[in-house]
Amino acid sequence: MQYLPLFADIKDRACLIVGGGRMAERRVIVLKRAGANVTVIAPELTDTLERLANRDEISVARRAFDCEPLDRYWLIIAATDDTALNAEVAAAAEQAKRLCNVVDNPEHSSFIMPAIVDHDPITIAVSSGGKSPVLARWVKGVIETTLPARLGEFANLAGRWRERVKQALPDTETRRKFWQAMVEGEVARHVLAGRGERSETLLEKALGAWRDDEVATRTPGEAYLVGAGPGSPDLITLRGRQLLAQADVVLYDRLVSDKILDYARREGELISVGKSPRKPSITQAQVNRLLVRLVASGKRVCRLKGGDPMIFGRGGEEMEALAEAGLPFQVVPGVSAVEGCAAYAGIPLTLRGVSKAVLITTGTSKDSNAADLASFRRGQTLALYMGVAQFAAVGAELIRNGHDPDTPAAIVENGTTDEQRVIRTTLRDIGEAREKLDIAAPALLLVGETTRCADRYNWFNPEGFERFGDTDRTFAQVS
Ligand SMILES: C[S@@+](CC[C@H](N)C(=O)[O-])C[C@H]1O[C@@H](n2cnc3c(N)ncnc32)[C@H](O)[C@@H]1O
């Protein structure tokens, strides 16, 4: 280990920054966040530093550094763009036996600034030992995406209760088990889900009733109805990924990719409950029963669904089954196919002056959606889920309803994945396009003027872009 990681208490302690530019500004802000008493020596300051000086939040000596003694400072940072001057500051700090960081110069530094993940009071410092600050910042980004946003709130709650728990549970091992159960159990789950107000009561109750042998029975299960997004593994939300990583059991749908399942924890059980159209498969009633049974037995169950759980995802029925059984659940939205496919095909769903409403419907059977299709108007965008087999019928129905056969449409197959295909066509030709180009599920049909934008903005997979039929009416750019 080249450097010793330390968390220094610099609150109200004098710290010096030599330099008044952007690099100095960033360091001043970090030191101020830790409560330091900051002095800046520099002839000129950035606007932000000027503002801090005007509000007396920093002290400023408006002059060049002058090889002066530095023993009144606890910590020193040289942040000028003059290498020789920075070296002089480092030498003066060395003389005063004070720790000094020279920005972008580990050789002259006696400490280096880490990349910081700040979930106050939980703080994580990442360093590459000065070898690659960019890599350290990337690692910090990876850590940030895996941590729950309300981590600090849980740490603060634990801080408030620390003494009280110590009094109630004087034995260290018992106390450790208690806190472990709180971190893994209901209390942390409430805080991290933003229901912090209930957590104090729950903690009090848990402490009052605590006995070691009851750990398992004291953590009831919970269901997480999580949207996995439309296909690409990086389109699951941060919250969804965190809950997936915590779950004891994952019940997943057919359209959830293996890459997303890799986010589940290694010891977690993975159960496929996917339904295949026109093939015998598990029924929704069976899924509901399984979900209820697992949660009732104390498991944390992640019910992972393609897209968003509340858009053609049976989320409503599963919430009802859980509510009926009196079991707790959380819902985490996902990027639905309509949003994912439109974005990855370069199609705005609404566009000023072109489309101001989106009609989301399904084409599961020939007749079931006739009423919905009848409500589709020019000036809107239609998104048809689960309708591959009905594309020809839907096109014909819309033309019968008075829409121009040349109305632009787009079919997005395997949207957001490496296999994405976008077929720009017209109402007249969607049925034939589907047949001739061998379109298979999962595919989404979009109809309306904005689909024309794919001709120009199809950014994600240009090789997978085709036109079918007479789509040549020029793209009219609308501002
Ligand atoms: C049972 S629905 C689930 C919808 C999902 N809950 C959502 O919000 O996207 C399945 C249908 O969603 C559409 N779909 C899902 N993923 C898709 C993708 N990657 N590309 C195109 N369409 C997709 C298809 O129409 C598919 O038949």
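The protein chain falls into four stretches: domain 1 (14-113), domain 2 (151-214), domain 3 (222-335) and domain 4 (338-467). Please keep in mind that this is a predicted model. The ligand lies between domain 3 and domain 4, because both of them give residues to the shell around it.

**How the domains are placed**

- Between the C-alpha centres of domain 2 and domain 3 there is a distance of 28 Å.
- Domain 3 (222-335) and domain 4 (338-467) are the pair to look at for the ligand, since each contributes residues to its shell.

**Around the ligand**

- There are 23 residues around the ligand, and those that come nearest are Gly 307, Gly 313, Ser 336, Ala 337 and Gly 415.
- By class, the shell around the ligand holds 13 nonpolar, 8 polar and 2 charged residues.

**Helix 5 with helix 8**

- Helix 5 covers residues 151-168 and helix 8 covers residues 196-208; their axes come within 11 Å and cross at roughly 20°.
- An angle under 35 degrees counts as roughly parallel, so helix 5 is roughly parallel to helix 8.
- The crossing of helix 5 past helix 8 is right-handed.
- On the helix 5 side, the contact is made by Glu 153, Leu 157, Trp 161, Val 165 and Ala 168.
- Helix 8 answers with Gly 196, Ser 199, Leu 203 and Leu 207.
- Sorted by class, this contact of helix 5 with helix 8 has 6 nonpolar, 2 polar and 1 charged residues.

**Helix 11 with helix 12**

- Helix 11 (residues 284-296) packs with helix 12 (residues 315-324) at an angle of about 45°, and their axes are 9 Å apart.
- That angle makes helix 11 oblique to helix 12.
- Here too you can look for the handedness: helix 11 passes helix 12 in a right-handed crossing.
- From helix 11, the residues making the contact are Gln 284, Asn 288, Leu 291, Val 292 and Val 295.
- From helix 12, Glu 317, Glu 318, Ala 321 and Leu 322 take part.
- The contact of helix 11 with helix 12 is made up of 5 nonpolar, 2 polar and 2 charged residues.

**Backbone details to look up**

- Asp 120 is joined to Pro 121 by a cis peptide bond, with omega near 10°.
- You can find Pro 121 in the loop that runs between strand 6 (115-119) and strand 7 (122-126).
- The peptide bond between Ala 441 and Pro 442 is cis, with omega about 0°.
- Asp 12 is not a glycine, yet its phi is positive, near 60°.
- To locate Asp 12, look in the segment before strand 1 (14-18).

Definitions and conventions:
Residues numbered from 1 in each chain as written. Predicted model: local features only at pLDDT ≥ 70, side-chain atom pairs only at ≥ 80, totals over all residues. Axes fitted to C-alpha atoms, helices over the stretch in contact; angles between N-to-C directions. Helix = DSSP H or I, 4+ residues; strand = E, 2+ residues; numbered from the N terminus. Parallel < 35°, antiparallel > 145°, perpendicular 65-115°, else oblique. Left-handed = near helix turned anticlockwise from the far one by under 90°. Contact = placed C-beta atoms within 7 Å. Nonpolar A, V, L, I, M, F, W, Y, C, P; charged D, E, K, R; others polar. Near = placed C-beta within 6 Å. Domains from an automatic or database assignment.
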